[in-house]
Amino acid sequence: MHTLHRIDRAIGVLAALLFVAAVAGFGLALPGYDAMRHPVALLGAIGVPHAQAFSVLGFVLPGVLASAVAVRLLLRVPRTAPWSMRVGVQLLMLAGVGFAAMGVLPLDASDIQSPASQYHASAWMVWVLAFVPGTLMYGLGALRLPGWRAQALLHLGCGAAMVLAAFVLQQWLPAPLAQRLAFACWAVWLVAALPLARRQG
């Protein structure tokens with residue numbers, strides 16, 4: 001049991017650290033890369049040096065670990081919990097798959113309208129459109145459980161912040177910056193979800 005608790009503390013943190021380290025490290029290594037002008041996906045784009053390594057370290061492995069976080073959350077949902085919590089966690093599993101798919105389906109930097117770029121955009125949308133309802137449904141269900149308020153606020157906050165970052169703030173901020181705020185919301189969820197569930201479950 002203690003081993004599982006240590007794993008719970010580690011997997012979300014590891015996913016977030018892998019992503020942040022990959023973005024920072026590969027961004028510094030790519031000549032001319034500007035975080036304020038270029039999307040994260042450019043680091044894994046077709047034809048970019050070391051793109052496959054970034055895709056694995058920055059998208060695929062963090063996505064797989066994010067799905068593992070959701071699986072561990074599902075195992076901690078009480079039997080008396082509202083159905084929305086279980087559905088929400090299943091959507092969070094799908095969000096992890098979508099995140100990993102962004103690495104399997106890289107952007108084509110030379111043609112933003114190419115099928116490859118469209119597939120990557122679809123993976124992005126799967127991630128966002130699974131994460132937002134997943135966090136909101138889980139959070140609303142957790143509000144109805146005694147002692148689960150912190151979990152509820154975490155999920156509702158991350159879901160609402162993702163909506164702002166992914167869909168609203170791009171009207172006023174550069175798209176790459178708004179995108180990074182969306183990734184930051186996701187990273188906060190990764191790091192905090194299982195430790196809070198351990199305290200309350």
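View 1. At 56% relative accessibility, H50 counts as exposed, since exposed means over 50% relative accessible area, buried under 20%, and partly exposed in between (1.4 Å probe, protein chains only). This is a predicted model: local features need pLDDT of at least 70, side-chain atom pairs count only at pLDDT 80 or more, and totals for chains, interfaces and linings use all residues. Residues are numbered from 1 along each chain as its sequence is written, and side-chain values use heavy atoms, with hydrogens and water left out. H50 sits in the loop between α1 (2-29) and α2 (51-76). Its phi is positive, about 65°, although H50 is not a glycine.

**View 2. P115 in helix α4.** Helix α4 covers residues 115-142, and P115 belongs to it. Helices are DSSP runs (H or I, at least four residues), strands are runs of E (at least two), and both are numbered from the N terminus. Is P115 buried or exposed? P115 counts as exposed, because its relative accessibility is 54%. L105 lies 10 residues away along the chain, and the C-alpha atoms of P115 and L105 are separated by 9.9 Å.

View 3. Helix α5 (residues 149-168) has 20 residues. From first C-alpha to last, α5 reaches 27 Å, close to the expected 28 Å at 1.5 Å a residue. That expected span is 1.5 Å times one less than the number of residues. Which residues of α5 are buried? They are Q151, A152, L154, H155, L156, C158, G159, M162, A165 and A166. An α-helix has 3.6 residues a turn, so residues three or four places apart point the same way.

**View 4. The whole chain, for orientation.** The chain has six helices and zero strands. Its C-alpha atoms fill a box of roughly 50 × 40 × 25 Å along the principal axes. Of its 201 residues, 48% count as buried. Look at contacts (heavy atoms within 4.5 Å). Among those between residues at least 6 apart in sequence, 72% join residues at least 24 apart.

**View 5. Charged side chains.** The chain carries 12 positive and 4 negative side chains. Lys and Arg count as positive, Asp and Glu as negative; His and the chain ends are not counted. Each charge is placed at NZ of Lys, CZ of Arg, CG of Asp or CD of Glu. The centres of the two sets lie 26 Å apart.
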